[in-house]
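Hello,

Here is the structure we talked about, with some notes to go alongside it.

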Amino acid sequence: MRRRLAAVLVTVALGTAACGSSEDDAGAGPGGSADAGLTGTLTVFAAASLTDVFTGLGRQLEEENPELTVRFNFAGSSALATQLTQGAPADVFASANPAQMAVVTDAGLAEGGPTVFTANVLQIAVPAGNPAGITGLADFGREELALAVCAPDVPCGAASEDVFAAAGVTPRPDTQEEDVRAALTKVELGEVDAALVYATDVTAAGDAVEGVSFPEAEDAVNDYPLVTLGAAPNAEAAEAFVDLVLSGEGQQALEDAGFRAP
Amino acid sequence: MRRARTPAPLLVPAALAVTFLVLPLAGLLVRTPWSQLGTLLTAPGVGQALRLSLVSATVATLVSVVLGVPLAWVLARSRARGRTVLRALVTVPLVLPPVVGGVALFLVLGRQGIVGRWLAEATGITIPFTTTAVVIAETFVAMPFLVISVEGALRAADARFEDAAATLGADRWTTFRRVTLPLVAPGVAAGAVLCWARALGEFGATITFAGNFPGTTQTMPLAVYLALQRDPQAAIVLSLVLLLVSVATLLLLRDRWLGRSGAAA
Amino acid sequence: MTLDARVVVRRGPLTVDVVLQVADGEVLAVLGPNGAGKSTALRVLAGLLPPDAGRVAVDGRTWDDVAGRVHLPTHRRPLGMVFQDHLLFPHLSVLENVAFGPRTRGASRAAARAAAAGWIERVGLAGLGDRRPGQLSGGQAQRAALARALVGDPALLLLDEPLSALDARTRLAVRAELRRHLADFGGSTVLVTHDPVDAMALADRVLVVEDGVVVQAGTPADVARRPRTDYVARLVGLSLLPGVGEGTAVYLDGGGTVAVAEPAAGPVLVAIRPESVALYPSRPGGSPRNAWPATVAGATPHGSTVRVELDGPVPLLADVTATAFAELGLAPGSPVWAVVKASEVAVYAR
């Protein structure tokens, strides 16, 4: 089904190219087929948490297709959704949550339905050595600790509220961070004893931060959907990239980064 | 005084500049959901964030004046060596990304910081995540604006008035209080306004060093940013409120300060 | 001797080295071209500039002594200073400006204001005490500056080109007033100026400074009669004769009468430049309005001209060429007629 659609798009692209349009510059040029290797430029809009994994997968795709250039735009999912609805040209959109994906699909920008390709769970980030001896979510109710959570307005904050509710813990944070990165900075500096963030963020943060897992995390598993965009200038490459992400190779890379299978 | 007619080569870029500066504002106004205005404005936390913003920006400005004017004097008047280096250092917060400034404040005043660690051990007081931290972050980012504009005023002021004061028996401190300071008052006022405006809009250093907690550290810019994550319309309304309050304040002050100094100049 | 100073100060390529001695009630004019180092020396006396060498003492108290490492800061020196462009504080009223010195020197607010009001009246600004300096004319501002400098009854009064920022007409009026106030002032005064008329009209003694050093010193009359350099001769040849004006005639206090072009009234100074004086062996024909008999009292050659000092009802200086001097056969004691056009005579109120 998807392949057929892509083939149609290629045909359309070729057709317009034949009519003298210059829009083929960024798309699949004449002669561009899966057999002969992908060409042109592939533009992927992806949630910032995917930076490391997707950059690696993009490079792999480029090595397999020397004629292809993969460009990424990593940012917060809501910022990306806003850019897309404002008309930013892209081939693939990978969101860190279904809500922002819905913004894009509701706007009629997606080609087909989104696929959940990975998921992320919350984890407690503590400074190396865990000086405050954090053991679980209940520690977030301790007044004497310096604690950071994500602001309820941002996705990780919404997820945090869910797990606190599920665990019956009333959190007493000192700060509600605007994003995970800001929360992790405070953990790295040792200015907070613990921050509730995503497992992938803990993995990415390196040695200065340790993760403490807790069972209630299962109550707020955050799914990552991705989709090929309807106006994709390079639909064929988009398809190839989505396939790579869903392949065993792609899933392994995600798992290595702290993501878990959907 | 004769009113000069603006030459055409200035008029066109000036008009472009106005357009460039005003259009985004117009964009905000156009997109303002006027029908939901009441609901959004009376939402809990808006008044709180606004009050916190005004109070912390004002305190930061006072601190900047008290510390920054003397510093500007040293930069403008003292013959101490290393003044050039000092001036460069003072303006660092201007070029430093505010978030980095916030991290730098942690490194000094955080509970693991050079001074903060000692402070926490000696008194049990920790600065981060408090309203004090908001004021400190805003002062750090905004004070250079005051220092630079007061230093400029001091350099432009005729230092011979200070000579005249000395021949009338005034020591350096009296001269500073009774002659120099009144002479540069318009520069101090302009610097304070810049400083206040910068403090009011401060985001990066504040959210890093003071964090974000409604009531204690969540200022309007933080509230706006977070609202943007969830409800862009609410963010527009909040920005508008911040904008209106700051413009109103500046206009009020202009009549009281700048109006008078403008007449004297 | 109340001011006793040797000031040595280097300013770039220029080294200023002057000795200044001024008695109580005496006015010393330091005269010289722009850039001669006059104002620099004055700033040292004020303590605004530390000297590189030398010593400044006033009333026996040492203000500066480079060898002895003494430097009294400006604000502790009992002096008054008038600057070229008045430097009245723009944010204070005239009264507050004049009261500034007494206040900083410890007077009560009321006493300072009373003293200031008295001086404002003395300099003729009664009723203007509430004005801002920006609302005063140039002459009024300079009068206020003088009041501000004199109000504390300083031991030393320093005047730095006090008249040069004024237009010609105002200058005459302010100069005459300044002369009166200086006559009343009991301390020492040092006046720096590049205008010989200021020096001749206001000073008891003149110090001519060129390139940082004193090239001539003496009373204004001495310096004018016997200029030691070309520069001094050009600068200070002026004969200033006090008299009383009546229409186009001035009756000199010394007895003679001088015809002038512009009508004058009351006490005036008549100024005649030596190069405008012509000498004749006998009374010239054509009945010029100003022709006076005189006796040669002395002659000093400078350059290609000779400065001749004349005694008589109208004492004058005359510059004649060396050739003319020889042809006239002039020698001390020779009788001669001096002739000056009325239009060449300047008149100043005094």
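**What C:V314 touches**

Leaving out residues up to four places away in sequence, C:V314 touches C:L241, C:L252, C:G256, C:V258 and C:W292; two residues are in contact here if their C-beta atoms, placed from the backbone, lie within 7 Å. C:V314 sits in the loop between β16 (305-311) and β17 (316-321) of chain C. Helices (H or I, at least four residues) and strands (E, at least two) are DSSP runs, numbered from the N terminus. C:V314 counts as buried because it has 25 C-beta neighbours inside 10 Å. A residue is called buried if 20 or more other C-beta atoms lie within 10 Å of its own, exposed if 12 or fewer, and partly exposed in between, with C-beta atoms placed from the backbone. The C-alpha atoms of C:V314 and C:A338 are 9.1 Å apart, and the two residues are separated by 24 residues along the chain.

**Before you read on**

Please keep in mind that this is a predicted model, in which local features need pLDDT of at least 70 and side-chain atom pairs count only at pLDDT 80 or more, while totals for chains, interfaces and linings use all residues. Residues are numbered from 1 along each chain as its sequence is written, and chains are lettered from A and ligands numbered from 1 in the order in which they are written.

An unreviewed UniProt entry annotates residues 50-253 of chain B as "domain: ABC transmembrane type-1". UniProt positions are given in the numbering used here, feature names are shortened, and annotations may be inferred rather than shown by experiment. In the model, that span is 80% helix and 0% strand, with its end C-alpha atoms 19 Å apart. The unreviewed entry also lists "transmembrane region" for several stretches of chain B, including 179-199 and 234-253. Residues 179-199 of chain B are 95% helix, and residues 234-253 of chain B are 100% helix.

Helix α9 (residues 160-167) of chain B has 7 of its 8 residues buried, so it is largely enclosed by the rest of the structure. Among the buried ones are B:F161, B:E162 and B:D163. The buried residues of α9(B) pack against α10 (172-183) of chain B, and also against α1 (38-46) and β7 of chain C. Just after α9(B), B:G169 takes a positive phi of about 90°.

The contact between these chains takes 17 residues from chain C and 15 residues from chain B. On the chain C side, β7 (79-82) and α2 (94-104) are the elements that give two or more residues.

**Chain A**

Chain A has 9 helices and 10 strands, and 50% of its 262 residues count as buried. One open sheet of 5 strands has the order β7-β6-β8-β5-β9 (chain A), with mixed pairing; two strands pair if DSSP finds at least two bridges between them. Its edge strands are β7 (175-177) and β9 (209-212) of chain A, each pairing on one side only.

How do β6 (residues 147-150) and β7 of chain A run, and how many bridges join them? They run parallel, joined by 3 bridges. One such partner pair is A:V149 with A:Q176 in β7(A).

Helix α5 (residues 155-167) of chain A packs on the sheet, and its direction makes about 110° with that of β6(A). Axes are lines fitted to C-alpha atoms, for helices over the stretch in contact, and angles run from 0 to 180 degrees between N-to-C directions. Helix α6 (residues 180-188) of chain A lies across β5, β6, β7, β8 and β9 of chain A, at about 145° to β8(A).

Best wishes
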